[in-house]
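Hi,

Here is the structure I promised to send over. Have a look at it first, and then read on for what turned up.

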Amino acid sequence: MSWRLTVNPIACDGRGLCAELFPERIVLDDWGYPIIDPTPFEGALTSHAKRAVNACPVLALQLERVAGGSGVKGLVTRSAPGR
Ligand code: SF4
């Protein structure tokens, strides 16, 4: 099973925590906003990606399941407390 990270640029406030937790796929631009490598990943990288998703303070990161490299199959997101 492969996964891909996406970011909601409206929600992201550019704190950059995700790039520290998942540097294999996330770098920051000159203003501190994430640039995400869309290349699917699997295995050990998945746990790094989940850690970044869970650490985002504004729930701007989403982990998408990729089906056979042909498209997105499902989403894994984190809910805000109390939702
Ligand atoms: S951790 Fe969340 S808010 Fe911070 S830069 Fe990454 S996506 Fe944006």
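The largest nonpolar core is made up of eleven residues: W3, L5, C18, F22, I26, A49, A52, V53, C56, A60 and L61. A nonpolar core here means a set of buried Ala, Val, Leu, Ile, Met, Phe, Trp, Tyr and Cys residues joined through C-beta atoms within 7 Å. Buried means that 20 or more other C-beta atoms lie within 10 Å of the residue's own, with C-beta atoms placed from the backbone. Strand 1 (2-7) and helix 2 (44-55) are the elements that give two or more residues to this core, and helix 2 provides the largest share, three residues. In soluble globular proteins, nonpolar side chains tend to be buried together.

A word on the source: this is a predicted model, in which local features need pLDDT of at least 70 and side-chain atom pairs count only at pLDDT 80 or more, while totals for chains, interfaces and linings use all residues. Residues are numbered from 1 along each chain as its sequence is written.

Now the wider picture. The protein has two helices and five strands, in the order β-α-β-β-α-β-β from the N terminus. Helices (H or I, at least four residues) and strands (E, at least two) are DSSP runs, numbered from the N terminus. Of its 83 residues, 16% count as buried.

Happy exploring!

Notes:
A residue is buried if 20 or more other C-beta atoms lie within 10 Å of its own, exposed if 12 or fewer, and partly exposed in between; C-beta atoms are placed from the backbone.
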